[in-house]
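Biologist: I have a structure open that I have never read before, and I would like to go through it slowly with you. Could you show me how to read its features, one after another?

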Amino acid sequence: MKRKSFKKRFLPYVIFFIVFVLIIIITQILDFSDYDIITAAHGEIIDGFETKALIIRDEKNIKSPAAGKVNLSSLEGDRISTGTKVAEISLENGNLSIYNKIPGILSYATDGLESTVIPSNMNKLDLNNIEKYKGNYRHLISGNKIEQGKTLYRIINNFRLFLIVPAEKEEAERFRINEIIFLTEQKKTDLIRGRIIDITEGIDKSFIFVKMDIFVPKWINIRWIDINFIKNIYRGIKIPRSAVFTQPSGQGVLKLSGYNKHVFQEVIVVDGDQENVIVKGLEVGVQVIVNPEDFNYGIEE
């Protein structure tokens, strides 16, 4: 009887304790569900912007010395030397073979801008109306007829390639003459290196002049290219910028420590963009709270 009486007497306390613990657990689970969490991992941030760039080549149109039917003899895109046969023109009294006199990359396409959009004329271009340099390429094909004095082929100096890059003035102010930059064609990952040789401010935009380190053969018959213009690429531990905040002790993040616990971890922001940052002070695999402003991270638990 005494044992049953003892159990009955303490049963309410046991129930109260169990309910109390369940309330704490449920509350923590509900609070925990409000956290946005990300796992710190290696990544990269590209500091740059997307734009269309005007291609400037050192090139020359070679005119046909006679009228007649053309048979092309060399492959477009090849680098040819002096003396290479490029075409044969059928005349009434025979055939006229055309041999190249200037070494370089061969193209049978022209857009009419070969004497205007060239390196020696870059500073004279109408940059405020740069869109007018469209470049409508027309290809000469074997079997076509050509008039005397019309362009037969084009020779491109593959040691000189330039870009004029339109940019918002705020973007252009971050770059300097002689700075090394990189670019990629949109939806591609190969980095192409260049050097800034001039920066000019226009009415609505600024224009960055770039000398490319290498010639890009597939650009021989296009005048504009969609690119990512890159100032730098930062690699390291990448987290959302929203996860970083400032406390009296310094700048840092909240990282999870044990079940539904968080501690302040100081970090150093190396660099980043509007959405993400590269930081020092975190290890790979650490879980970080992305939205620290959504709860009272400054209240001691």
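This is a predicted model: local features need pLDDT of at least 70, side-chain atom pairs count only at pLDDT 80 or more; totals for chains, interfaces and linings use all residues.

Biologist: How many helices and strands does the chain have, and what percentage of its residues count as buried?

Modeller: The chain comes to 2 helices and 21 strands. Of its 301 residues, 40% count as buried, and the chain exposes about 18100 Å², of which carbon and sulfur atoms supply 53%.

Biologist: Which residues touch the most other members of the largest nonpolar core?

Modeller: To read a core, look for buried nonpolar residues that are joined through their side chains. The largest one here has 25 residues, and those that touch the most other members are L163, V165, I208, V210, W219 and F229. The strands β2, β11, β12, β13, β14 and β15 each supply at least two residues of this core, with the largest share, 5 residues, coming from β11. A second, separate core has 14 residues, including I62, A87, L152 and I155.

Biologist: With which residues is W219 in contact, once its neighbours within four places in sequence are left aside?

Modeller: With those neighbours set aside, W219 is in contact with I55, R57, L161, L163, L183, E185, I192 and I225.

Biologist: Now the charged residues: how many salt bridges does a search of the whole structure find, and are R223 and E59 buried or exposed?

Modeller: A salt bridge is read from the distance between a side-chain nitrogen and a carboxyl oxygen, and the search finds 18 of them in the whole structure. In one, the side chains of R223 and E59 meet at 3.2 Å, N to O. This pair links distant parts of the chain, with R223 in the loop between β14 and β15 and E59 in strand β2, 164 residues apart. Both R223 and E59 are buried.

Biologist: Why does the salt bridge of R154 and E114 tie together parts that are 40 residues apart in sequence?

Modeller: The side chains of R154 and E114 meet at 3.9 Å, N to O. R154 lies in strand β11, while E114 lies in the loop between β8 and β9, so the pair ties together parts that are 40 residues apart in sequence. Both of these residues are buried as well. For K85 and E88, the closest N and O atoms of the salt bridge are 2.9 Å apart, and K85 counts as partly exposed because its relative accessibility is 29%, which falls between the limits of 20% and 50%.

Biologist: How should I read the rings of F49 and F229, and why do they count as a tilted pair?

Modeller: For rings, read both the distance between centres and the angle between planes. The count comes to 4 aromatic pairs. The centres of F49 and F229 are 5.4 Å apart and their planes stand at 50°, so this pair is tilted. F49 lies in strand β2 and F229 in strand β15, so the pair ties together parts that are 180 residues apart in sequence. F49 is buried at 12% relative accessibility, and F229 is buried at 0%. Together with F175, these two residues form one aromatic cluster.

Biologist: Finally, where is N178, and what is its phi?

Modeller: N178 sits in the loop between α2 and β12, and it has a positive phi of about 75° although it is not a glycine. I196, which is found in strand β13, is 18 residues from N178 in sequence and 5.0 Å from N178 in space, C-alpha to C-alpha. I196 is buried, with a relative accessible area of 0%. Leaving aside its neighbours within four places in sequence, I196 is in contact with several residues, among them F175, N178, I208 and V210.

Conventions. Residues are numbered from 1 along each chain as its sequence is written. Side-chain values use heavy atoms; hydrogens and water are left out. A nonpolar core is a set of buried Ala, Val, Leu, Ile, Met, Phe, Trp, Tyr and Cys residues joined through side-chain atoms within 4.5 Å. Buried means under 20% relative accessible area, exposed over 50%, partly exposed in between (1.4 Å probe, protein chains only). Helices (H or I, at least four residues) and strands (E, at least two) are DSSP runs, numbered from the N terminus. Contact means heavy atoms within 4.5 Å. Accessible areas come from the Shrake-Rupley method with a 1.4 Å probe; for residues, only the protein chains shown count as cover. A salt bridge is a side-chain nitrogen of Lys or Arg within 4 Å of a carboxyl oxygen of Asp or Glu. Rings of Phe, Tyr and Trp (its six-membered ring) pair if their centres lie within 6.5 Å; planes under 30 degrees apart count as stacked, over 60 as edge-to-face and the rest as tilted.
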